[in-house]
Amino acid sequence: MKKLNILIFLLPFLIWAQDDLLDEIDTDSVVIGYEKAAFKGLKIVNFESTKMISKKQLYFVVSHRFGSIKTGIGDFFGLDQAVTRLNFIYGISDGINIGLSRSSFQRTYETSLKLRLIRQKKSGSPFTLVLFNSMLLNGSLDEDVLPGLELQHKLSYSTQALISSKLNKNLSLQLVPTFFHDNLVALDGQKNSQFAVGIGGRHKLTKRWSVNVDYGLHLNRASDSPFKNPLSIGFDLETGGHVFQLHFTNAQPMNVNTFLGQATGDWSDADIFFGFNLSRVF
């Protein structure tokens, strides 16, 4: 059944393969005087990138992350333990994007706002600054299991400053200071308000391929926490009708609060997750 679900997710993209999406994803890169976008995808791997979608465009992004490949062939290298996220992003303007998503991890709903404040310019600012804000609702929390649970306990928030620079035609880097808050935390020693710093980059390999890397350093994780800092490596493939992002990471969840606060994998133990993002522009 899970294999059938994956096929159903892929079918729309096979049907919509009409035009070269490269023209679409570069629409915010042709304004005279501004540097081309530092990143092709809306995400580096886990972290949001400074890429914005244009006014009145609608992106539909299907993100799929399998279970740990450590389970081996018995679990078909994680196929049976997959997490899926469906995300819609709309451009109110070239510098303001809003999003709505649903993830199967903890039945998470997310609303988001992405706001560009500064744009890298050839004869001006050497960097792009974008703010990303999100609010999550954990739909898996049950009042019958947790007596006294209220709506506010299911909510989480995050705020990030995305600071990127396209250093040359092949290399882009990004810094991501992050604040996130969970109204309910699983560990007694973990503070509700948490801080992290993300770093990421993209290096173009060919006209169609690039390698992307990002890492999140949690600054006030509880000392007895079993969770890890997320480290991810991905490859972007730009091809006619599709944008593919293929990646390996030690964090299976895909929302800011969850991949920073609840990454369980360990690269040194081959406990990592393979995944992909598929994007379509309307």
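The second largest cavity of this predicted model is lined by 13 residues, and those lying nearest its centre are Ala 37, Ala 38, Arg 116, Arg 119 and Thr 128. About 120 Å³ of space lies inside the second largest cavity, and its lining, sorted by class, consists of three nonpolar, four polar and six charged residues. A search of the whole structure finds three cavities of 30 Å³ or more.

The largest pocket holds about 450 Å³ of space. Its lining is made up of 26 residues, and Asp 182, Leu 184, Val 185, Ala 186 and Gln 262 are the closest to the centre of the pocket. At least two lining residues come from each of β5 (128-138), β6 (155-166) and α3 (256-261), and by class the lining of the largest pocket has nine nonpolar, 14 polar and three charged residues. The table sets out the two spaces.

| Space | Volume | Lining residues | Classes in the lining |
|---|---|---|---|
| Second largest cavity | about 120 Å³ | 13 residues | three nonpolar, four polar, six charged |
| Largest pocket | about 450 Å³ | 26 residues | nine nonpolar, 14 polar, three charged |

Thr 50 itself is found in the loop between α2 (21-25) and β1 (58-68).

Leu 42 and Ile 89 are 47 residues apart along the chain, and 9.8 Å separates their C-alpha atoms.

Strand β2 (residues 83-93) runs antiparallel to β3, to which eight bridges join it, and the two strands form a hairpin with two residues between them. Within this pairing, Tyr 90 has Ile 98 of β3 as its bridge partner. Strand β3 (residues 96-103) shows a covered face made of Asn 97, Gly 99, Ser 101 and Ser 103, whereas Ile 96, Ile 98, Leu 100 and Arg 102 form its uncovered face. On its other pairing, β3 is joined by eight bridges to strand β4 (residues 108-118), again in the antiparallel sense, and there Arg 102 stands opposite Tyr 109 of β4. β3 and β4 likewise form a hairpin, with four residues between them, and in this turn Gln 106 has a positive phi of about 55 degrees.

A further antiparallel pairing links β1 and β12 over eight bridges, with Tyr 59 standing opposite Val 281 in β12. Strand β12 (residues 273-281) is mostly covered, since eight of its nine residues are buried.

Methods. Residues numbered from 1 in each chain as written. Predicted model: local features only at pLDDT ≥ 70, side-chain atom pairs only at ≥ 80, totals over all residues. Heavy atoms only, no water. Buried < 20%, exposed > 50% of the residue type's maximum accessible area, 1.4 Å probe, protein only. Pairing = 2+ DSSP bridges. 1 Å grid on protein atoms, 1.4 Å probe; cavity = no way out; pocket = protein on both sides within 12 Å on 5 of 7 lines; lining within 4 Å. Points joined across faces, edges and corners; volume = space filled by probe spheres on them. Nonpolar A, V, L, I, M, F, W, Y, C, P; charged D, E, K, R; others polar.
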